[in-house]
Amino acid sequence: MSKALISFGVKTHAQLLEIALPSFKAFADRHGYDLLIPESVPDARPPAWYKIKALLAALETYDEAIWIGADLVIVDGSEDIEVPADYWQAMVNHHTADGEVPNTDFWLCRKPMIPYLSQVWESKQFIHNGWWEQAALLELMGYNQQLRPNRVTTNTELLQHTYFLENGWNVHKWDMVKSVHPRIQHATMYQDRAAVMCEWAKQAESGWMND
């Protein structure tokens with residue numbers, strides 16, 4: 001199976017990507033991913049939207065592609081992600097004060113996701129939504145985002161083919177379900193993300209990256 005790991009960093013996220021990138025490279029090398037970092041990102045939409053274009057491009061060639069955000073650090077990449085073959089996508093489902101929040105900052109997609117990714121891109125009503133492309137995806141999965149707490153109101157085919165990873169694959173500060181084994185730490189919601197990520201990067205370099 002051919003696999004790609006994709007990321008990019010725009011503006012302030014470019015610095016964060018520099019911190020995270022060694023852990024991405026080590027994970028890709030260990031588990032047989034091609035690491036793809038686009039040379040440039042358009043600015044017609046908020047940058048998060050362009051993960052959709054990057055995933056669509058990768059799935060033309062690869063059997064599966066993982067997007068990993070620039071503000072994540074792989075603190076334990078000794079094991080690869082395992083997702084059963086009959087699932088089309090996989091991510092962590094955070095449990096927050098806003099309800100359920102499936103998070104696309106660590107997001108595995110397989111070829112059946114191509115039409116859904118295209119629908120997400122065409123969901124222009126969400127371009128400036130605070131959750132951007134994630135809001136469009138959640139609508140396709142059957143979440144009613146007008147409700148609080150956020151929750152599923154329609155059991156869609158896409159939801160049925162979504163695999164929810166253990167929370168250690170995307171540890172979020174506000175997740176009320178704490179991981180027993182952090183694998184990827186997510187710096188969102190930290191005041192000084194670069195400083196926090198530098199600490200995580202040191203942890204990775206002195207740990208699994210040198211095994």
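Predicted model: local features only at pLDDT ≥ 70, side-chain atom pairs only at ≥ 80, totals over all residues.
Local features need pLDDT of at least 70 and side-chain atom pairs count only at pLDDT 80 or more, while totals for chains, interfaces and linings use all residues. Residues are numbered from 1 along each chain as its sequence is written, and side-chain values use heavy atoms, with hydrogens and water left out.

Start with the sheet: it is open, has 6 strands and mixed pairing, and runs in the order β2-β1-β3-β6-β5-β9. Strands (E, at least two residues) and helices (H or I, at least four) are DSSP runs, numbered from the N terminus, and two strands pair if DSSP finds at least two bridges between them. At the edges sit β2 (33-36) and β9 (162-165), each pairing on one side only. Strands β5 (residues 89-96) and β6 (residues 99-110) run antiparallel, joined by 7 bridges; here Q89 stands opposite C109 of β6.

Now for the helices. Helix α2 (residues 50-59) lies across β1 (3-6), β2, β3 (64-68) and β6, at about 35° to β6. Axes are lines fitted to C-alpha atoms, for helices over the stretch in contact (heavy atoms within 4.5 Å), and angles run from 0 to 180 degrees between N-to-C directions. Helix α4 (residues 132-141) also packs on the sheet, touching β5, β6 and β9, and its direction makes about 95° with that of β6.

Helix α2 also packs with helix α3 (residues 114-122), at about 155° with the axes 10 Å apart. That makes the pair roughly antiparallel (angles over 145 degrees). Among the residues making the contact are L55 and L56 of α2 and W121 of α3.

Methods: Parallel < 35°, antiparallel > 145°, perpendicular 65-115°, else oblique.
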